[in-house]
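Subject: Structure handover

Hello,

Here is the structure we spoke about. Please have a look at it before reading on. My notes follow below.

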2 protein chains.
Amino acid sequence: MRARASNPNFMNGVPELLILNLLQWREMYGYEIVDAIRQRSDAVLEVGEGVVYPVLHGLERDGVLKSHRRRINGRSRIYYSVTARGARHRAHLSQTWSSLTAAIQKILRGGQHGESVP
Amino acid sequence: MRARASNPNFMNGVPELLILNLLQWREMYGYEIVDAIRQRSDAVLEVGEGVVYPVLHGLERDGVLKSHRRRINGRSRIYYSVTARGARHRAHLSQTWSSLTAAIQKILRGGQHGESVP
DNA sequence: TCATTATACCTTGTAGTTCAAGGTATAGGG
DNA sequence: CCCTATACCTTGAACTACAAGGTATAATGA
């Protein structure tokens, strides 16, 4: 019931949705994804590493992502990219998100259901 | 990581948001809320009684809702309505929802971040 | 030179939430 | 008289986001 201090709920499944949509364009590594989500959302969305890494591992385990290690400036990075199955999963997830938010928006707007005055 | 069979995630905090926005217009009882969510969303959103009742109890405990029992056709119903504090809470929650979905949408759309072609 | 910061990976435990699957009781229709 | 609809409720399980840790290397700067 109690909203959390940082992100006030609403975030269930969202990290997975965001990650898949970021990776659809080009491969990225975990640390980069954390930054990308913060920057592209103007710091509205803050998804920590403790969220991103487990999601990446889970998606790879499920065959949605694949990874390969690369060395950049003596630094080891693990780049993730979307598999064919992952592309289908991303499309399905994004559509579900659209559908749900549209339905929610409909209720938020109210209208023609007997509400007299706000 | 694994999406659930029924509602594929994305539903965290949403019942609270929906309930508060429904009750902003007129008082309703639990069973009625369950039906209203299903009907107004064209069955896209399905929030069971096992979700609605605990949320109602929690919101009343927090002073966001108040309730009174009424007898209709020999049936006992518990009607809930929004308190003054609840009205503020509803406004704040709705605004957060708008802000978050806007930020998410921005990332879903992609654009100007180095993605070559879909 | 040495300490600090930034990069980059990771795991653990906790708290909160949804959900299915139950349970109780009354009213009304067939 | 049974079954459905109405109307309330609780429990346990599963999942998830999150904070708070931990490791190691490169670069910065004092």
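Chain B and chain A bury about 4700 Å² between them. Carbon and sulfur atoms account for 68% of that area. Please keep in mind that this is a predicted model. The size of an interface is often given as the accessible area lost when the parts come together.

The contact counts are as follows. On chain B, 47 residues are in contact with chain A, and they meet 47 residues there. Two salt bridges run between chain B and chain A. One of the salt bridges in the model joins Lys106(B) to Asp42(A), with the closest N and O atoms 2.7 Å apart. Two residue pairs are in polar contact across the interface of chain B and chain A, both at pLDDT 80 or more.

Which elements of chain B give two or more residues to the side that touches chain A? They are helix H1 (14-23), helix H2 (30-40), helix H3 (49-61) and helix H4 (84-109) of chain B. H4(B) gives the most, with 13 residues. By type, the residues on this side of chain B divide into 24 nonpolar, 13 polar and ten charged.

Helix H4 of chain B also holds Ser94(B). Is Ser94(B) buried or exposed? Ser94(B) counts as buried, because its relative accessibility is 13% and the cut-off for buried is under 20%. The side chain of Ser94(B) makes a polar contact with the side chain of Asn21(B), at 3.3 Å. Leaving out residues up to four places away in sequence, Ser94(B) touches Leu17(B) and Asn21(B).

Now chain A. Chain A has four helices and three strands. Along the sequence they follow the pattern α-β-α-α-β-β-α. Chain A has 118 residues, and 47% of them count as buried. Chain A exposes about 6400 Å², with 49% of it supplied by carbon and sulfur atoms. Among contacts in chain A with a separation of 6 or more, 44% come from residues 24 or more positions apart.

Helix H1 of chain A (residues 14-23) deserves a look. Ten of its ten residues are buried, so the helix is largely enclosed by the rest of the structure. The buried residues of H1(A) include Val14(A), Pro15(A), Glu16(A) and Asn21(A).

Last, the salt bridges. Side chains of opposite charge can pair when their charged atoms come close. Over all chains, the whole structure has twelve salt bridges. Some of them:

- Arg61(A) pairs with Asp62(A), the closest N and O atoms being 2.8 Å apart. Arg61(A) is exposed at 60% relative accessibility, whereas Asp62(A) is buried at 15%.
- Arg26(B) pairs with Glu32(B), the closest N and O atoms being 3.0 Å apart. Arg26(B) is partly exposed at 31% relative accessibility; Glu32(B) is buried at 19%.
- Arg70(B) pairs with Glu27(B), the closest N and O atoms being 2.7 Å apart. This pair links distant parts of the chain, 43 residues apart. Arg70(B) sits in strand E2 (residues 65-72) of chain B, and Glu27(B) in the loop between H1 and strand E1 (28-29) of chain B. Arg70(B) is partly exposed at 34% relative accessibility, and Glu27(B) is partly exposed at 25%.
- Asp35(A), Arg38(A) and Glu46(A) are linked in a network of salt bridges.

Best wishes

Conventions:
Residues numbered from 1 in each chain as written. Chains lettered and ligands numbered in written order. Predicted model: local features only at pLDDT ≥ 70, side-chain atom pairs only at ≥ 80, totals over all residues. Heavy atoms only, no water. Contact = heavy atoms within 4.5 Å. Buried area = accessible area lost by both parts, 1.4 Å probe. Salt bridge = Lys/Arg side-chain N within 4 Å of Asp/Glu carboxyl O. Polar contact = N/O pair within 3.5 Å; in protein donor to acceptor, adjacent residues only side chain to side chain. Nonpolar A, V, L, I, M, F, W, Y, C, P; charged D, E, K, R; others polar. Buried < 20%, exposed > 50% of the residue type's maximum accessible area, 1.4 Å probe, protein only. Areas by Shrake-Rupley, 256 points an atom, 1.4 Å probe, with all protein chains shown as cover.
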